[in-house]
Amino acid sequence: MTAKQVTIRDKQVEINYFQQGQGERTLLFLHGWCIDGTYWENQLEYFSKNYDVYAIDLPGFGKSKAVRTNWTIEEYANDVIAFIDTMNLKNLVIIGHSMAGEILLQIALTNNQEIVGIVGVDNFKIIDVVFTPEQMKQMTDFFPMLEKDFKNSAPLYADMMLFHPTTSKEVKDRVKTDFANSDSVIGYKTIMTQMQYASTDAQRLEQLDYKLYLINSDGFPTNETGLKNHCKNSFQVETISATGHYPMIEKPTEFNLILEKVLTGIK
C-alpha cells in the first residue's frame, strides 16, 4: 500500500491516506480505535476493481497528525469532512469501523450532498441495551487503569472484549501491538469522548436521513430492537459469523462479499 499525505484544516491536520482504483462511485474507509488505515488493505485491493477507494489514518493514529488537544468525535468528523472537500470526493459511500461508527453518524447528520450511503462495521450493537451493575462496575474500574497504564491495559481490553474464540493469533497480536504502541493520551481521550458521544447515539439515529447499513460480527449480538426503535430511515444488519471485532481482517473474503451486496443496495 502506497501512502500519500494531504494537509487540511488551515494546515493544522495532516492526513495519511491510501488510494486505489477508479470508478463512478467512491468508497471511503475509516478505521476504529487505536488502529489505522492499513486494516483495510484487503478491501482496497478488492473494491478498487470497480470503485475509487480511499482509506485514511485518523489523526493521532497511524501516520496522521493534528495540532490539537481536543480529541472528540465532532473533531474527527470535521477532519473527515475537510478531507472529502479537499479531495473533491463525489458519489461517496463511507464505511466506518468501531469508533468510526460514531464519526460516521456525526458526518451523516451534516447531510453532505456527496454522501450517498453509510455502512457501519461492528458498531451500533447496544442501542437501548441496559448494562447490569456488574458490567457498569467492570467498565468504571477499567478506565482509571487505562489512564494510568495504557500500554498494558489497552491490549488487556482487546483480550477481554474484542476477540472471538476463532480469532487467529496473528490478528490478536496485530491488534494488541497496535493498541500498546498508540499514543496513550490520544488513545485514552478518544475512548472517553467516544463513550460520551455513544450515550446519545439513539437520539442521533432518530435524526438520520440515511438508511443505516451494518456489517456486524456475531461475537457480541446486535440489539436490533433498539435500532428498530430509533432508526428514522430504516436499517439493515448483515451478520458475519465467527469473527471478533475485526471482520475485515479476520474473514476478508466473506466480509468483502457482504459489503459488495450492501453496496449494490445503495442507489
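Glu 114 touches Leu 89, Lys 90, Asn 91 and Leu 92, leaving aside residues up to four places away in sequence; contact means heavy atoms within 4.5 Å. The model is predicted: local features need pLDDT of at least 70, side-chain atom pairs count only at pLDDT 80 or more, and totals for chains, interfaces and linings use all residues. Residues are numbered from 1 along each chain as its sequence is written, and side-chain values use heavy atoms, without hydrogens and water.

**Glu 114**
- Glu 114 sits in the loop between helix 3 (100–108) and strand 7 (115–121). Helices (H or I, at least four residues) and strands (E, at least two) are DSSP runs, numbered from the N terminus.
- Glu 114 counts as buried, at 19% relative accessibility. Buried means under 20% relative accessible area, exposed over 50%, partly exposed in between (1.4 Å probe, protein chains only).
- A polar atom of the Glu 114 side chain lies 3.4 Å from the backbone nitrogen of Asn 91.

**Nonpolar core**
- The largest nonpolar core has 89 residues. Such a core is a set of buried Ala, Val, Leu, Ile, Met, Phe, Trp, Tyr and Cys residues joined through side-chain atoms within 4.5 Å.
- Helix 2 (residues 73–87) gives the largest share of this core, eight residues.
- Phe 179 is among the residues with the most contacts inside the core. Its partners include Trp 33, Phe 150, Tyr 157 and Tyr 246.

**Helix 5**
- Leu 156 is found in helix 5.
- Leu 156 is partly exposed, with a relative accessible area of 40%.

Notes. Polar contact = N/O pair within 3.5 Å; in protein donor to acceptor, adjacent residues only side chain to side chain.
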